[in-house]
Amino acid sequence: MATVVHEPPKMDVDRLPSQGSGNGGWRNLVPASGGLRKVQDASPPPASTGIWVALASITMTFAAFTSALVVRQGGAPDWQHMTLPPILYLNTVVIIGSSFTLEIARRRIAAFMGGLHEHADKPLRWLYITLSLGLLFVAGQILAWRELVSQGLRFATNISYSFFYVLTIAHALHVSGGLGGLVRVISKFNNRTLKRSTLDATSRYWHFMGVLWVYLLVLLWMKL
Amino acid sequence: MHDMSAHAVHHGAPTSFIRKHIFSLDHKVIGKQYYALALVAVVVGMVLSWLMRLHLGFANFAIPGLHLLSKNGAPGDIMTPEYYLQLMTMHGTIMVFFVLTTAPFAAFGNFFLPIQTGAEDMPFPHFNMMSFWVTFTGFLFLVASFFVSDGPTLGGWTQYAPLSAVGAVSGPGQGTGVVLWAFSIAFFCVGQLFGSLNFITTTLDMRCKGMSLMRLPLSAWAWFITSIMGLTAFAVLMPAVILLILDHVAGTSFFVSSNLVINDQVLPHSGGSTLLWQHLFWFFGHPEVYIAIIPGMGIVSHILITNMRRPMLSHRVLIYSMGALAVLSYMVYGHHMFVSGMNPVSSLAFSFPTLVITIPSTIIVLIWLGSLYGSKLRINTASLFGLGFISMFISGGVSGFFLAQPSIDILLHATYFVVGHFHLVMAVAAIFGIFGGTYFWFPKMTGRMMNESLGKLHFWLTFVGAYLIFMPFHYLGIAGNVRRYQAFVDDYLIPLIPVHKFITVAALATGAVQLIFIYNLIYSRFWGAPAPDNPWQGTSLEWSTATPPPHNNFGDKMPVVYHDPYQYSVEGASSDFIMQTSPEPVHSADEEK
Ligand code: HEM
Ligand SMILES: [Cu+2]
């Protein structure tokens, strides 16, 4: 029986980013000795798995808020209908638009990483546009809250407003996290340390924020 | 192009004291930090239980110095009824969150999951570091509530609305105390979400070469399953406590109904749903009890296999059963709410899965017993605690069958029967899992052996003591003794007082026994015999690396895995165990299946 010597760890620094990170590619291959079960389990880089895990947990959180809303509304004598501030619809357009610009940025960066593009500034421009749209969205949400407050419609005015504030603020906080992620992507891109999986994870998160917002808008529009 | 941040594998060994021991990114240090936190928490929780027991067993017992802890809560060193409830709430909260969740899951899981999967660290070490420190902040918030003017909340660890949501009118600690409690839990949730993220990703992505999922040891599987539960359960508790905080600080009415009169005051809230809290809480709460126990199941299986020198009857069925517990535990939460006025049909709908969930539990127990039957189990402290775990789990589980049926639960709900049930099945069993894990892994974690004679003494006294404390609870419950009473003055309760006295004495004695453990822990840490790399002749990866493991777990030789985790007593092998990293071929039917 051939003795297989333990291999030293391989850190493939030079590997193309699209092939995943660190130890991802080579792990879980079949060891050399015969008769063993075939183990084929090529692991993706952790960021691509991690992001789905994180999104699952965010989904649970908003599902919990949703069921709280449904339970609290059922049989509540005090539920007041509320009209959503119109600026929300504008914000919706902004956040959906940002998903498109991010997608453009992502593809260009992929092309740049693959050596198809010479210049880094073009993808960067789209990242900055995405970032600005994201900031615009948050600003728009803040305007919506201020508009309500200026009409005297506060957190405790009625339970429908309570839910409105809770859901939109929770979402905006998550969006702010996404903005942080974008800033990180930009700075890593500038330092040439950006990895494909980081970029993909950040953009999945960002798209998810858009989808979540559309869901919340429909929910609020139908329920409040 | 190459990114350092997402990759633990790249971070070099830290040099400064702070990076090494305090804000460490190393999963092993973080695991030890969690262990230390759990140890502090369990001591606090245990002292609280003594105070409670003294008060219950010996009415108006003056506990010298208690007034120093709270002037209003214990004037003349005698606990007020409210203060009893406040201590009880702290006891339950500290134990459930900061002991039963942190020790078996976060502490041992952090230390050993990456090693058992063959990873150099967790994939997101910064999140991992935050996981501990956020949890620790949560603990500080909870402890801080002892020192605010009217003390900690008295609402119980379940914190039922509306009394938890209306503020100070409902009693001492119900204002600031509840808010601190809720913040503490919110921090805890964030910490465990970060932890779960790392655990799941480690298991899925960081396994070393040759380590398929089915080759993971049972302990690793248990942590993996638990982290999936943690990810979903804490993500629900968190919004619940946020809404609770808002009812306090923003004047909202999520949980408080209209025209509620408390202490002659009409409250300004309107329309809230008190049941909403129970739904949200128990949707988290039931999975939480499995979050507390499943790691123990994995740890104990791992310990027993090593000491039986043979694998469990079925590795796969054990894993699937733990998975089934996880899935089912989301469908049964309503069994905590049988008397909440829910529709009897819903009661039935929750009763059925509750009875079903006993099936995977029973399968797990039968696999343990069947595997133990006829094995030549090595008797050491770790394996004794393994057996003790099984014993407690069975004894506490049996009462679950009764409680699962609404018709019986109507009588037994909120009595000491329930308290007996969950202390055996969750508290003591999980604690036995922690003890077992400690005696088993201490050598790997610290490089020193624990004292076995003291360990066995600790085991036997604790084992007997735990039964003496918690078995009579069932009797009390059947006799109608309601839980959370601070004194027994009704005619039907007075004859039960001797039982309470007995329990109190047993609790104090069993508590004192734990000093043996603490002594053993501290003494062995500094003066114990040096531990070899593989003191128990184990097969899994933690035993193939140095003791204690180097910063990147495996030094400059990354492990390569050739076998299922438990190759003991393999026919024709050169010794009675084959390590996962040993290239020695195995021609057993087991390996091929
Ligand atoms: C020395 C051992 C222990 C004793 C004597 C003890 C005693 C008690 C007592 C007297 C109560 C209150 C009963 C009531 O009035 O409702 C209680 C509640 C509780 N205990 Fe323990 N306990 C011990 C260990 C533990 C451990 C190790 C845990 C978990 C890690 C634990 C978790 C709880 C929980 C969750 C509650 C419920 C709190 C509530 O309903 O608010 N206990 N215990
Ligand atoms: Cu339950």
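**Lining of the second largest pocket**

I began with the lining of the second largest pocket in this predicted model, and by class I find 27 nonpolar, 12 polar and one charged residues there; Ala, Val, Leu, Ile, Met, Phe, Trp, Tyr, Cys and Pro count as nonpolar, Asp, Glu, Lys and Arg as charged, and the others, Gly among them, as polar. I note that this lining comprises 40 residues, of which Ala54(A), Ile58(A), Tyr205(A), Phe127(B) and Phe194(B) lie nearest the pocket centre. A pocket here is an open set of points on a 1 Å grid over the protein atoms alone, where a 1.4 Å probe fits, with protein on both sides within 12 Å along at least five of seven lines, and lining residues have an atom within 4 Å of a point. For its volume I have about 1,300 Å³, taken as the space filled by probe spheres set on the points, which are joined across faces, edges and corners.

I then looked up which helices contribute: H1 (46-73), H4 (159-190) and H5 (196-223) of chain A, and H6 (125-144), H7 (176-205) and H8 (218-249) of chain B, each supply at least two lining residues. Helices (H or I, at least four residues) and strands (E, at least two) are DSSP runs, numbered from the N terminus.

**Conventions**

I keep in mind that residues are numbered from 1 along each chain as its sequence is written, and that chains are lettered from A and ligands numbered from 1 in the order in which they are written. Local features need pLDDT of at least 70 and side-chain atom pairs count only at pLDDT 80 or more, whereas totals for chains, interfaces and linings use all residues, and side-chain values use heavy atoms, with hydrogens and water left out.

**Helix pairs**

For H1(A) and H4(A), I find axes that come within 11 Å and cross at roughly 175°, the axes being lines fitted to C-alpha atoms over the stretch in contact and the angles running from 0 to 180 degrees between N-to-C directions. The two are therefore roughly antiparallel, the class for angles over 145 degrees.

The residues making the contact include Tyr34(B), Tyr35(B) and Leu37(B) of H2(B) and Phe108(B), Phe111(B) and Pro114(B) of H5(B); they divide into 12 nonpolar, four polar and two charged.

I also checked H2(B) against H14(B) (residues 416-446), whose axes come within 13 Å and cross at roughly 145°. Here Lys32(B), Tyr35(B), Val42(B), Arg53(B) and Leu56(B) meet Tyr416(B), Ile431(B), Ile434(B), Thr438(B) and Met445(B).

**Backbone exceptions**

Most residues other than glycine have a negative phi, and most peptide bonds are trans. I noted a cis bond from Ala161(B) to Pro162(B), with omega near 5°, and Pro162(B) sits in the loop between H6 and H7 of chain B. Another cis bond joins Thr547(B) and Pro548(B), with omega about -15°. Asn60(B), which is not a glycine, has a positive phi of about 55°.

Methods:
Contact means heavy atoms within 4.5 Å. Angles under 35 degrees count as roughly parallel, over 145 as roughly antiparallel, 65 to 115 as roughly perpendicular and the rest as oblique.
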